[in-house]
Amino acid sequence: MAMQIGDEFNSFEQFQQALIAYKNAKFMDFAISDCRTLTAAKKTCPKRMKTVFEAFPEIVFADATYKLLDSRIPVFVLLVEDGNGQSEIASIGLLVNELHETLKWFFQTFQKNNPASINTNVFMTDKDMNERKVINDIFPDAKLLICLFHALRTFHREITCDKLGITPQERDQSKVLFEKLCYSDNEEEYQKLYDTLRSFAPSQVMDYFLWKLNYYFLDFR
């Protein structure tokens, strides 16, 4: 029988067997300690994770990777930053997929099991609109930020001569200013750099920049 969102397993082995039957997949060997339950949208709640989150709930960093398990299922990680600037894991989700309903269940379960999430002011994510929509619906009072790494990677990938019909010099100057904008220390510095960009950047670059700004940032303030 195929797994359904909300199915519960009392051990990692049960979840592994169900997933193998569902996807004909195989896990790498690794341990999960202090688990309460594993479910088909698959969250673990070790006591330490909850304790860490209660101490540092203000900002949550969310991302998924496909490279930890042989089955290649997404492993969703929620991180917080402690008082020493070090990353601490607040939750791990072993997801069957990243569809809307699966992510919705994961974040709702995280919220339910972590009352301190009422104090979460910011979520930092990549540009996945599905994920951002789910977070915005469940945590409407929290701001959504784009991860700097993902923002710069997108700019470098999209600002090209072929895609925008610009010269190599225009491309290089635009990328330099985009990076400086991302690293602005304050609003005044950002505005000066933005005015510089407007003064020389081709219309294609400005159109791309303003479209990204509205699509990814302003829509989820």
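Thr125 counts as buried, at 1% relative accessibility; buried denotes under 20% relative accessible area, exposed over 50%, and partly exposed the range in between, with a 1.4 Å probe and protein chains only. The model is predicted: local features need pLDDT of at least 70, side-chain atom pairs count only at pLDDT 80 or more, and totals for chains, interfaces and linings use all residues. Residues are numbered from 1 along each chain as its sequence is written, and side-chain values use heavy atoms, with hydrogens and water left out.

Thr125 belongs to strand β7 (residues 122-125). Helices (H or I, at least four residues) and strands (E, at least two) are DSSP runs numbered from the N terminus. The side chain of Thr125 makes a polar contact of 3.0 Å with that of Arg132. A polar contact is a pair of N or O atoms within 3.5 Å; within protein, one must be able to donate a hydrogen and the other to accept it, and residues adjacent in sequence count only if both atoms are side-chain atoms. Leaving aside residues up to four places away in sequence, Thr125 touches Ala62, Glu131, Arg132, Ile135, Leu144, Leu145, Ile146 and Cys147, where contact means heavy atoms within 4.5 Å.

Ala62, one of these partners of Thr125, stands opposite Leu78 in β5. Strand β4 (residues 59-65) runs antiparallel to β5 and is joined to it by 5 bridges; two strands pair if DSSP finds at least two bridges between them. Strand β5 (residues 75-81) has 5 of its 7 residues buried, so it is largely enclosed by the rest of the structure. On β6 (residues 87-94), β5 pairs in the antiparallel sense over 7 bridges, with Glu81 opposite Ser87. The hairpin of β5 and β6 has 5 residues between the strands, and Gly85 there takes a positive phi near 75°.

Helix α3 (residues 100-113) contains Gln108, which is partly exposed with a relative accessible area of 37%. Gln108 and Ile138 are 30 residues apart in sequence, yet their C-alpha atoms are 6.9 Å apart in space. Buried residues of α3 are Thr102, Leu103, Trp105, Phe106, Phe107, Thr109 and Phe110.

Ser174, in helix α7 (residues 168-182), is buried at 0% relative accessibility. Its side chain reaches the backbone oxygen of Glu170 at 2.7 Å. Beyond four places in sequence, Ser174 touches Ile159, Phe200 and Val205.

| Residue | Relative accessibility |
|---|---|
| Thr125 | 1% |
| Gln108 | 37% |
| Ser174 | 0% |

The secondary structure of the protein chain comes to 9 helices and 8 strands. Of its 221 residues, 41% count as buried. Residues 24 or more positions apart account for 53% of the contacts with a separation of 6 or more. The average pLDDT, the predictor's confidence in each residue from 0 to 100, is 78 for the protein chain, and 72% of the residues score at least 70. Over residues 24-44 pLDDT stays under 50, although the model has 82 contacts beyond four places in sequence for them.
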